[in-house]
Amino acid sequence: MGGGSLLTKRAAAATNQTLSLFKRLSPFTILLKTLTTSSSSSAASAQNPKHETSMPKRRKKKNLFEVAQFLPQWGIGYHLAKSHWANVSYEITKINLYKDGRHGKAWGIAHKDGLPIADAPKKISGVHKRCWKYIPSLAKSIESKKSSPKSTEAAAKTEVQAA
């Protein structure tokens with residue numbers, strides 16, 4: 001019994017020494033820890049700019065309906081194309097939209113280099129794939145075509161009246 005109590009006394013004394021040492025060092029160690037962590041985090045951010053929050057995030061590409069929703073009349077009459085297509089687009093003629101607004105079916109007239117390939121609209125495949133973009137240059141040419149027949153009609157009327 002005497003041996004066991006000696007061990008417990010030594011353990012208690014060691015614990016008391018550690019606690020008193022910790023009490024004496026704790027304000028210093030806390031200060032030291034805060035200084036080292038703040039300097040190491042600033043050094044780490046200077047070395048690794050990847051972890052900064054200022055880097056722009058990659059935009060999620062859009063399907064045909066997500067692109068068309070921002071166009072007037074859901075893009076009917078406007079040209080949309082897949083981003084990897086060269087000089088090919090669809091002029092949207094009809095959209096059948098599901099309730100969520102991001103899915104559905106679409107029909108359009110295929111165009112190559114701005115000129116229609118076919119006369120009749122056909123169902124567009126791959127409308128849910130995330131690679132669609134709006135082609136603004138072709139929409140401007142369409143608007144100019146729409147306004148030019150009016151100007152030619154007006155010119156024809158003035159010629160008729162002059163004759």
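Predicted model: local features only at pLDDT ≥ 70, side-chain atom pairs only at ≥ 80, totals over all residues.
1. The nonpolar core. The largest nonpolar core holds 15 residues, and Leu64, Leu80, Ala106, Ile124 and Trp132 touch the most other members. Helix 2 (64-68), strand 2 (88-97) and strand 3 (104-112) are the elements that give two or more residues to this core. Helix 2 gives the most, with four residues. In soluble globular proteins, nonpolar side chains tend to be buried together.

2. A buried glutamate. Glu66 also belongs to helix 2. Its relative accessible area is 11%, so Glu66 counts as buried, the limit being under 20%. The side chains of Glu66 and Arg130 make a polar contact at 2.8 Å. Beyond the neighbours within four places in sequence, Glu66 is in contact with Lys61, Arg102 and Arg130.

3. Three aromatic pairs are counted in the model. In one of them, the ring centres of Trp85 and Tyr90 lie 5.9 Å apart; the planes stand at 50°, so this pair is tilted. Trp85 also pairs with Trp132: here the centres are 5.7 Å apart and the planes are at 75°, so the arrangement is edge-to-face. This second pair links distant parts of the chain, with Trp85 in the loop between strand 1 (79-82) and strand 2, and Trp132 in strand 6 (residues 132-134), 47 residues apart. Trp85, Tyr90 and Trp132 form one aromatic cluster.

4. Trp85 is partly exposed, at 25% relative accessibility. Tyr90 is buried at 9%, and Trp132 is buried at 6%.

5. A charge over a ring. The charged end of Lys94 sits over the ring of Trp107, at 4.5 Å from the ring centre.

Methods
Residues numbered from 1 in each chain as written. Heavy atoms only, no water. Core = buried A, V, L, I, M, F, W, Y, C linked by side-chain atoms within 4.5 Å. Buried < 20%, exposed > 50% of the residue type's maximum accessible area, 1.4 Å probe, protein only. Polar contact = N/O pair within 3.5 Å; in protein donor to acceptor, adjacent residues only side chain to side chain. Contact = heavy atoms within 4.5 Å. Phe/Tyr/Trp six-rings, centres within 6.5 Å; stacked < 30°, edge-to-face > 60°. Lys NZ or Arg CZ within 6 Å of the ring centre and 35° of its normal.
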